[in-house]
Amino acid sequence: MFAPKLLAVVSLLSGAVFAAPAPAPAAELTDADGASVLLKRGEGIHLMNCEPTNGATNYISAVVYCANDGNCNNLSYSHSSSNVCVKSTSGSSGAYHVWEGSTQSCTFSSGVTFSWAIGKEAQTWPDYTYVGTGVNGYSTFSGYKDDKHYGVTYNSHKCRSIYYYI
Ligand SMILES: *[C@@H]1O[C@H](CO)[C@@H](O)[C@H](O)[C@H]1NC(C)=O
């Protein structure tokens with residue numbers, strides 16, 4: 001619906017005497033689903049289960065903070081350890097952390113604690129169902145059940161997003 005206006009602006013620019021390259025039109029800033037990337041640039045926190053790659057052997061559950069939530073869905077992005085709070089480490093895949101059923105928290109190396117409380121039946125709910133709020137002492141986030149896509153590679157692990165807070 002923005003297209004006609006945008007085209008008008010672009011043709012105006014290309015008709016300008018000085019031949020400066022036009023900036024990328026805002027309409028290009030969309031993801032594969034056509035959703036606005038700009039709207040997704042807020043903070044995001046993901047509760048993730050991570051399987052080993054590249055010779056690692058342990059399975060970890062971790063809380064991952066992204067200043068830009070898009071980076072929590074980008075396997076190429078390099079996450080610093082200060083943005084990853086490991087909740088549990090296990091030698092077997094059957095022993096991921098149980099994220100549901102009580103008020104829980106994880107304290108990052110920065111000292112910031114993220115807390116959440118997910119109902120114990122939440123895994124039986126449809127993906128993207130609201131599961132309650134999460135707090136980090138600065139902001140209150142809305143939590144949703146995620147679809148378990150791979151969102152993060154971290155320290156020789158590939159992590160699936162189980163819940164996300166935005
Ligand atoms: C993913 O992260 C890489 C490495 O930081 C970056 O070059 C790339 O632009 C990012 N992709 C998206 C879609 O944000």
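Here is a short walk through this structure, from its ligand to its aromatic rings. The model is predicted, so local features need pLDDT of at least 70, side-chain atom pairs count only at pLDDT 80 or more, and totals for chains, interfaces and linings use all residues. Residues are numbered from 1 along each chain as its sequence is written, and side-chain values use heavy atoms, leaving out hydrogens and water.

Let us start at the ligand. Around the ligand you will find Asn 74, Ser 76 and Tyr 77, each with a heavy atom within 4 Å of it. Taken alone, the ligand exposes 370 Å², and the protein buries 31% of that (Shrake-Rupley method, 1.4 Å probe).

Next, look for His 157 in strand β9, residues 157-165 (strands are DSSP runs of E, at least two residues, numbered from the N terminus). His 157 is buried, with a relative accessible area of 6%; buried means under 20%, exposed over 50%, and partly exposed in between, with a 1.4 Å probe and protein chains only.

Now turn to the rings. The whole structure holds seven aromatic pairs (rings of Phe, Tyr and Trp, the latter by its six-membered ring, with centres within 6.5 Å; planes under 30 degrees apart are stacked, over 60 edge-to-face, the rest tilted). One of them is edge-to-face: Phe 114 and Tyr 165, 5.2 Å centre to centre with 75 degrees between the planes. This pair links distant parts of the chain, with Phe 114 in strand β5 and Tyr 165 in strand β9, 51 residues apart. Phe 114 is buried at 1% relative accessibility, and Tyr 165 is buried at 0%.

Conventions: Helix = DSSP H or I, 4+ residues; strand = E, 2+ residues; numbered from the N terminus.
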